[in-house]
Amino acid sequence: MNKTINQKAWYFVIPVFVLVAFNAAIPLMTVVNYSFQETFGNNVFAWEGTRWFKQILLSDRFHAALGRQFAFTFIILLIQIPLGIGIALTMPKKGWGVPVCLILMSMPLLIPWNVVGAMWNIFALPDIGFLGHTLNSVGFDYNFTQQPGDAWFTTILMDVWHWTSLVVLLSYAGLNSIQPAYYQAAEIDGASRWAIFRYIELPKMKKVLTLAILLRFMDSFMIYTEPFVLTGGGPGNTTAFLSIDLVKMALGQFDLGPAAAMSLIYFFIVLLVCWVFYSLMMKNEARS
Amino acid sequence: MFTKLYSATWGDVGKAKEKGFFDFDLFSWMAWTWQTAAFFIFIALCITAMLIWEKKVPGGSPRKGILGLDTTRGDRLFVSLLGSAFIHLFWLALVGSVLWIATIICIGYAVIVFRYV
């Protein structure tokens, strides 16, 4: 029997192509164009060559923002992944507790990002906020609007509150997909709780955990709204992560050229890390 | 569009720009220069070349490269381009001038990636 070859279905992809062209490709091309030029507005541009790239690559401000960004992402991954796995392990497997836990867990994920920022801002205010006032009244000198350490603490706490649920839900799904036979075999062998976790649960969760780490890395590396509302990058520049610093440069100072160069460097870093994670995931897939 | 080729100097900043033949309002805001246009044309040519290559030798010649990753031709192009971006950035940061040497290094790097990765 002759199969007819009909590739006309590809035409259905055209709307997506147009959409991506307008919301991604064309703006990105414009950013590339901006990154090599200087402008004072009015649509007049002057060629600057690679000057902005050199300036950004050698600027202490960019190094500091990049350092803060990596520190933040590293810290929240270090907290959220183990915490998420821990919570998923303690969640009930059947009964009425399952929907209750799942709904409670998904609540923070449903709240808009700027609302999370505003909530935590009010919650942590040292004079009237519940968290801030309580901490101060029990003797801690806590003020996230003035002390960098407190600002970091609050930002990390907020991110942990907002996003640990994602790790929990993914780990829970991974745990639930493990066949009971594995646990029965472990029981027969007299395996300890730790051995069950280390040799059954963790390997079975590997795929979802890689996904969780990738998602949490991406989201925290591009974080903008929450710290913007909570601290605005302050006090000083101590919580100005890459995207906050970028917006300050592009819209605050109207340095479109350097900001465009910075966003391209930022984009390349994100692309590189994504590629590394994707390759690792695919490598695991091929092995299993 | 490409009138920037003639007007892209500091002396012309602030002057009213003459409207060139290619200055469509649709994309004059994108601030094109011939250099960046050449870059994107190069990328488009790369993709076209990959398409032709795929037509000639279908299947993308998958293999396990020296990094232990399963790669196809498209992966190798991506790795070459991304790596080239980083080579150029590091060159700018560490050396700063004569950028074309970095470009030559990138061509060598791309050849290595296409042969072994």
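Visitor: What makes helix H8 (residues 180-189) of chain A hardly covered?

Guide: The count of buried residues among the 10 residues of this helix is zero. A residue is called buried if 20 or more other C-beta atoms, placed from the backbone, lie within 10 Å of its own, exposed if there are 12 or fewer, and partly exposed in between. The model is predicted: local features need pLDDT of at least 70, side-chain atom pairs count only at pLDDT 80 or more, and totals for chains, interfaces and linings use all residues. Residues are numbered from 1 along each chain as its sequence is written, while chains are lettered from A and ligands numbered from 1 in the order in which they are written.

Visitor: Why is A:Phe254 counted as exposed?

Guide: A:Phe254 has 11 C-beta neighbours inside 10 Å, so it counts as exposed. This residue is found in the loop between helix H11 (242-252) and H12 of chain A. Although A:Phe254 is not a glycine, it has a positive phi of about 55°.

Visitor: Is B:Ala31 buried or exposed, and how do you know?

Guide: B:Ala31 has 22 other C-beta atoms within 10 Å and is therefore buried. B:Ala31 is found in the loop between helix H2 (25-28) and helix H3 (34-56) of chain B. B:Ala31 also has a positive phi of about 55° without being a glycine.

Visitor: How many helices and strands does chain A have?

Guide: Chain A has 12 helices and two strands. Helices (H or I, at least four residues) and strands (E, at least two) are DSSP runs, numbered from the N terminus.

Visitor: How do you know how many residues of chain A are in contact with chain B?

Guide: Two residues are in contact if their C-beta atoms, placed from the backbone, lie within 7 Å. By that rule, 26 residues of chain A are in contact with 26 residues of chain B. Helix H1 (14-35), strand S2 (45-47), helix H2 (51-58) and helix H12 (256-287) of chain A each give two or more residues to the side that touches chain B. The largest share of that side, nine residues, comes from H12(A).

Visitor: What is the confidence in chain A?

Guide: The pLDDT, which is the predictor's confidence in each residue from 0 to 100, averages 89 in chain A, and 99% of the residues score at least 70. Confidence is lowest in S2(A), at a mean of 85, and highest in helix H3 (residues 60-90) of chain A, at 94.
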